[in-house]
Amino acid sequence: MRLGRGARITLGAITVLILGVIYLPLFVVGVNSFSTSQSLSWPPPGFTLEWWGKAFRSAGALEALLTSVQVAVVATAVALILGTLISLALQRFDFFGKNVVNLLVILPIALPGIVTGIALNNFFRTIMGVPLSIWTVVIAHGTFTIVTVFNNVIARLRRLGTSYEEASADLGAGIWTTFRLVTFPQLRSALFAGGLLAFALSFDEIIVTTFTAGQGVTTLPIFILNNMFRPNQAPIVSVIAVVLVLISIVPIYIAQRLTSEEGQKR
Amino acid sequence: MPRPRGTAARKGSVFLSSHPRVRLALLIAAPLFWLGVVYIIALVLLLVTAFWSVDSFTGEINQTLTFDNIITVITGALYQTVTLRTVGIALAVTVIDVAIALPIAFFMAKVANNRTRRLLVIAVLMPLWASYLVKAYAWRSVLSSEGILEWMLAPIGGHTPGYGVTATIITLSYLWLPYVILPIFAGFDRVPDSMLEASSDLGGKTWRTLRLVVLPLVWPAIIAGTIFSFSLSLGDYITVNIVGGASQMLGNLVYTNVGAANNLPLAAAIALIPIVIIFGYLALVRRTGALDNL
């Protein structure tokens, strides 16, 4: 099959068009954050920096940001520990029910968020009688972020094999020493990538969060959702949106760096 | 070499080295406890709750077995309409996403040079990192009656679809598009160029090659992409709140019953609908080998 010049150009044009559609909405939000209109009207009637000033002084937004970071940090820590343990168990051992355990890790992300959300809501409130709080959000986020760490770490373990660990054991190192000096350093970048994804997933999550957050627990997505429909707040939401898009360049950059380093090592 | 000191750590290490089963148990205990207790028990109890009822006076949950909720959900006109609408939206989103993903993924994998391909992968991935709400909100601005779409279409006599089912389909397609492009791109990338050349040498024209050689090879990847768009659309209720006007999806009914109506058993029964549909879909596509492409 040899594509003609015409076919190549057509495909290229379609690609450019699709990318245009992908970026148009983000561009509109960016422009709206500087618009004097409060009702998202286009073209913007005038230019103002008012919303940017207000957003950075908005106590609600900053508090929500802090809550989101706290939740994401603890959830990521849980995911890193549990994800590493379970990938070591599944990669280094053979045992009965291995496939079931594998499915168990993937399930919280494979089922729709609303199912996970309502199941946990029901579990905490009706069954356990625990009031919803920031900790119920952390538990929920920890549960569905395990899979991101698991995927990264198990792929790395598969590639590493066990020869280095065996060499370490032959040289007299105990289990702890081998893990600390041989296994862990080789897992570090996989843990970083998985942790980054877990953090991003938790930071952005809204559906499960809605069902597990207690009164007064406002993560950033909840704050955005609450303020989106208020006329005076809508432009501030645009500012937060722009900031979030700009911040999202950081993990992309790091992830890109990591993959290119991996490529060089091999 | 000096003999290792007989510290507790050393003794533990020696013991564990000779007892792999204990090692496995120690590794797996914590994650299994967490996932088992928090998640599996929660899911099973959700299933059980669907067979309970709520006392309409006290609002307390009555734990006697009843099929009322299940019957209500299966026979109620509201639930049938909303289920059909939700599945319809999920199917439309899936078809649109695959139709958009195929040409761009093919271009990325088989036409673009290495440098362009890397840039394109980043360009496609970048919106994936942008917040879900930000993207839904962005479409709210675009589709608004005073928004950019109206401004662009008005001179040629067109109008924005406004907020409603169409807007929901557009926004959901946008949200899940990267999840569909990436597996299909990986699928095209795995098709060796030599096979395309072989087909061409044997006289296969472009369309024939695409249909008979490429499509069967990327089929599992396409199905893998559809699992994302289909499953994610089925459970969504936030997007429809933001751009759907007064339209409701299954998620909205669940949400109302957990919150305002305080009828957790009914909400659980409604939540069973997407679970059943998704497991049905997974069973349907399992044979294609798509699940290994996720």
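Modeller: Helices here are DSSP runs of H or I with at least four residues, strands are runs of E with at least two, and both are numbered from the N terminus. By that count chain A has 12 helices and zero strands.

Biologist: What must I know before reading on?

Modeller: The model is predicted: local features need pLDDT of at least 70, side-chain atom pairs count only at pLDDT 80 or more, and totals for chains, interfaces and linings use all residues. Residues are numbered from 1 along each chain as its sequence is written, chains are lettered from A and ligands numbered from 1 in the order in which they are written, and side-chain values use heavy atoms, with hydrogens and water left out.

Biologist: What pattern does chain A follow along the sequence?

Modeller: Chain A reads α-α-α-α-α-α-α-α-α-α-α-α. Its radius of gyration is 23 Å, well over the 18 Å that the globule rule gives for 266 residues, so chain A is more spread out than a compact globule. The radius is taken over C-alpha atoms, and the rule is 2.2 Å times the number of residues to the power 0.38. Those C-alpha atoms fill a box of roughly 75 × 65 × 35 Å along the principal axes.

Biologist: How many helices and strands does chain B have?

Modeller: Chain B has 13 helices and two strands. Its radius of gyration is 26 Å, well over the 19 Å from the globule rule for 294 residues, so chain B too is more spread out than a compact globule. The box for its C-alpha atoms is roughly 80 × 75 × 35 Å, along the principal axes.

Biologist: Why is A:Thr15 called buried?

Modeller: Buried means under 20% relative accessible area, exposed means over 50%, and partly exposed lies in between (1.4 Å probe, protein chains only). A:Thr15 has 1%, so it is buried. It sits in helix α1 (residues 5-32) of chain A.

Biologist: Which residues is A:Thr15 in contact with, leaving aside neighbours within four places in sequence?

Modeller: They are B:Ile104, B:Phe107 and B:Leu120. Contact means heavy atoms within 4.5 Å.

Biologist: Is B:Arg23 buried, partly exposed or exposed?

Modeller: B:Arg23 has a relative accessible area of 27%, so it counts as partly exposed. Helix α2 (residues 20-49) of chain B holds B:Arg23. Beyond neighbours within four places in sequence, B:Arg23 contacts A:Phe93, A:Ile175, B:Leu16 and B:Ser17.

Biologist: What makes A:Asn227 buried?

Modeller: Its relative accessibility is 4%, so A:Asn227 counts as buried. This residue lies in helix α10 (residues 220-228) of chain A. Not counting residues up to four places away in sequence, A:Asn227 touches A:Gln233, A:Ala234 and A:Val237.

Biologist: Which backbone oxygen does the side chain of A:Asn227 reach?

Modeller: That of A:Phe223, at 2.8 Å.

Biologist: How many positive and negative side chains does chain A have?

Modeller: Chain A has 17 positive and 10 negative, and the centres of the two sets lie 8 Å apart. Lys and Arg count as positive, Asp and Glu as negative; His and the chain ends are not counted. Chain B has 19 positive and 12 negative, with centres 19 Å apart.

Definitions and conventions
The place of a charge is taken as NZ of Lys, CZ of Arg, CG of Asp or CD of Glu. A polar contact is a pair of N or O atoms within 3.5 Å; within protein, one must be able to donate a hydrogen and the other to accept it, and residues adjacent in sequence count only if both atoms are side-chain atoms.
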